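Dear colleague,

Please find below the structure that I am handing over to you.

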Amino acid sequence: MQAPGHHPPDCLSIRDGRLFIEECDAAGLVERFGSPLFVFSEGQIVDNYRRFRDAFARGWAHGPVDVMPAMKANTLLAVRQLLTNEGAGADLYSPEELEGALRTGVDPARTSANGGGKSREHLRRCLQAGVRLTVEDLHEIDWIQEIAAELGLVAKIRLRVKPTLPNLWRRTDFTQLWIPIDLGVQVYKSGIPPEYLVELGRKAFAAPNVDLVGLHFHAGRHHPSLWFWEGMMVRFARLVGDLCRAWDGWKPQEIDIGGGMASRRDPHNKEFSRWEFLTTCLGYPFLVGLRGLGERLYHSLLGKILNLLTEHPQPKGVPTIEEYAATITRTLSRELTRQGVDLEGVRLQTEPGRSLYGDTGIHLARVKVVKRQTQPIPYTWVLLDTSYFFLAGGVFEHNRHPFVVANKADAPHTMKADIVGHSCYADQIILGAHLPEVEMGDVVAILEAGAYQESSASNFNAMPRPATVLVRDDQAEMIKRTESVDDIYGRDHIPDRLRAPGSGGRP
Ligand SMILES: Cc1ncc(COP(=O)(O)O)c(C=O)c1O
């Protein structure tokens with residue numbers, strides 16, 4: 001097997017010191033479409049999808065395979081249309097994601113409506129559209145039965161389970177705290193606790209308008225390594241086996257393994273690693289104690305220590321899509337067979353988010369200002385014309401994104417600075433970055449921005465969210481325009497009484 005991390009070539013390349021995405025010069029795209037800008041590679045999206053499809057199909061000879069990319073990670077309709085055209089299904093969370101996917105003509109039989117707290121209206125719409133329902137809440141089956149009976153149809157449902165994972169005791173990446181993966185999965189709100197599953201299944205079997213067709217397990221992104229996936233699948237298979245026995249030989253038609261695989265240049269939870277967090281906590285009394293040395297020495301030592309804290313360890317290697325798929329299909333086949341589950345015809349489903357979209361998109365922004373201070377602590381900031389509010393998903397996940405100065409891509413990294421955004425928050429995008437000497441107008445490309453970033457962008461400081469461009473070979477077209485001031489204030493309403501001159505709205 002290939003060593004983890006040997007990924008096939010990607011849509012990004014550096015030519016004569018400039019970053020290219022497919023055949024388009026990245027800085028040239030900013031000149032043409034403005035800054036900041038999200039850019040996606042059509043070739044990479046299609047390639048990643050096909051690699052998932054083929055790798056899972058190779059490993060799973062028992063039945064069909066569905067790749068159902070998570071729409072939450074990328075809600076751009078043009079991207080969704082590309083995937084729909086390829087025959088992809090979809091993991092759908094909100095009613096609005098459902099509507100978006102349906103607009104592209106997605107096959108409802110290969111979608112899963114996931115998530116807790118689904119409303120009756122949402123359940124009705126899913127049933128009318130023929131979407132699979134993945135049950136999360138204990139009351140959901142009663143509601144589904146009621147609505148399906150009203151509509152005169154039989155609802156195909158799956159249960160989202162939450163196995164215990166005592167075999168996975170290593171530290172989770174899910175949070176910055178030091179806790180084992182097992183505990184990280186337990187404290188994550190999603191999934192039906194094992195204690196309810198047997199009873200819930202029996203309830204589904206007794207409901208005339210409900211057909212329990214499968215089981216679903218998604219735990220989030222806890223670790224990129226193959227041992228993690230093997231451990232997850234072993235315990236999932238064991239739970240599937242236990243349920244099949246408790247339900248008198250019931251056989252799943254569908255097994256859905258959710259998402260959670262890391263993306264190629266995995267930026268997840270690396271901006272401030274837990275090790276640094278711990279050293280910072282332990283070091284705090286020491287730092288405070290340094291004040292006793294007098295202000296000048298105190299600041300000079302602080303400056304040196306700060307440099308140490310912003311050095312970042314090498315990221316963990318990320319296996320390829322093919323390696324993931326082989327581990328998952330091999331482990332599931334072996335363990336489910338051991339559990340006595342008949343796999344003939346069983347459909348295997350996967351819901352990749354970050355691992356499918358992550359390396360398909362970059363975020364481009366221009367340098368507005370390079371700001372320096374020498375006293376009391378030397379420090380440099382490179383201020384971009386973007387904001388971490390446009391990369392919000394990554395901020396929540398403490399992402400440390402790889403980056404390239406698009407127009408100085410092979411210049412030596414002689415400068416150390418925090419790359420920051422221009423909102424009035426601290427807006428720290430990449431702390432302690434080593435980069436070439438940049439100046440006003442240079443273009444910074446934040447890589448691995450294809451998942452959860454554009455879809456979570458917000459309008460702090462009333463800033464318009466950026467446009468998005470899709471490239472294919474040397475062609476680029478806008479797939480989402482930037483927001484206008486009217487878009488930003490479009491939902492606001494000033495009551496007439498407040499507009500009455502001089503009244504201040506009060507009698
Ligand atoms: C049910 C479900 N499936 C798939 C995903 C995609 O996860 P990821 O982007 O980590 O692959 C998510 C993300 O939260 C999810 O909740």
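A residue is called buried here if 20 or more other C-beta atoms lie within 10 Å of its own. Please bear in mind that this is a predicted model.

By that definition, the buried residues of helix α12 are I321, E323, Y324, A325, T327, I328, T329, T331, L332 and L336. They pack against α2 (42-59), α9 and α13 (354-357). The helix itself covers residues 321-338; at 1.5 Å a residue, its 18 residues should span 26 Å, which agrees with the 26 Å between its end C-alpha atoms. After α12 comes G340, with a positive phi near 80°.

The domain assignment gives three entries: domain 1 (38-268 + 318-340), domain 2 (274-309) and domain 3 (360-489). Between the C-alpha centres of domain 2 and domain 3 there are 29 Å.

The largest nonpolar core has 127 residues, and A26, V39, L364, A406, V444 and A445 touch the most other members. Helix α9 (residues 226-246) supplies the largest share of this core, with nine residues. Because domain 1 and domain 3 both give residues to the core, it lies between them. As for V444, leaving aside residues up to four places away in sequence, its contacts are A365, V367, L384, F403, V405, A406 and I419.

Finally, the ligand has 17 residues around it, of which A70, H218, G259, E351 and G353 come nearest. The shell consists of five nonpolar, seven polar and five charged residues.

With kind regards

Conventions
Residues are numbered from 1 along each chain as its sequence is written. This is a predicted model: local features need pLDDT of at least 70, side-chain atom pairs count only at pLDDT 80 or more; totals for chains, interfaces and linings use all residues. A nonpolar core is a set of buried Ala, Val, Leu, Ile, Met, Phe, Trp, Tyr and Cys residues joined through C-beta atoms within 7 Å. A residue is buried if 20 or more other C-beta atoms lie within 10 Å of its own, exposed if 12 or fewer, and partly exposed in between; C-beta atoms are placed from the backbone. Helices (H or I, at least four residues) and strands (E, at least two) are DSSP runs, numbered from the N terminus. Domain bounds come from an automatic or database domain assignment. Two residues are in contact if their C-beta atoms, placed from the backbone, lie within 7 Å. A residue is near a molecule or strand if its C-beta atom, placed from the backbone, lies within 6 Å of it. Ala, Val, Leu, Ile, Met, Phe, Trp, Tyr, Cys and Pro count as nonpolar, Asp, Glu, Lys and Arg as charged, and the others, Gly among them, as polar. The expected span of a helix is 1.5 Å times one less than its number of residues.
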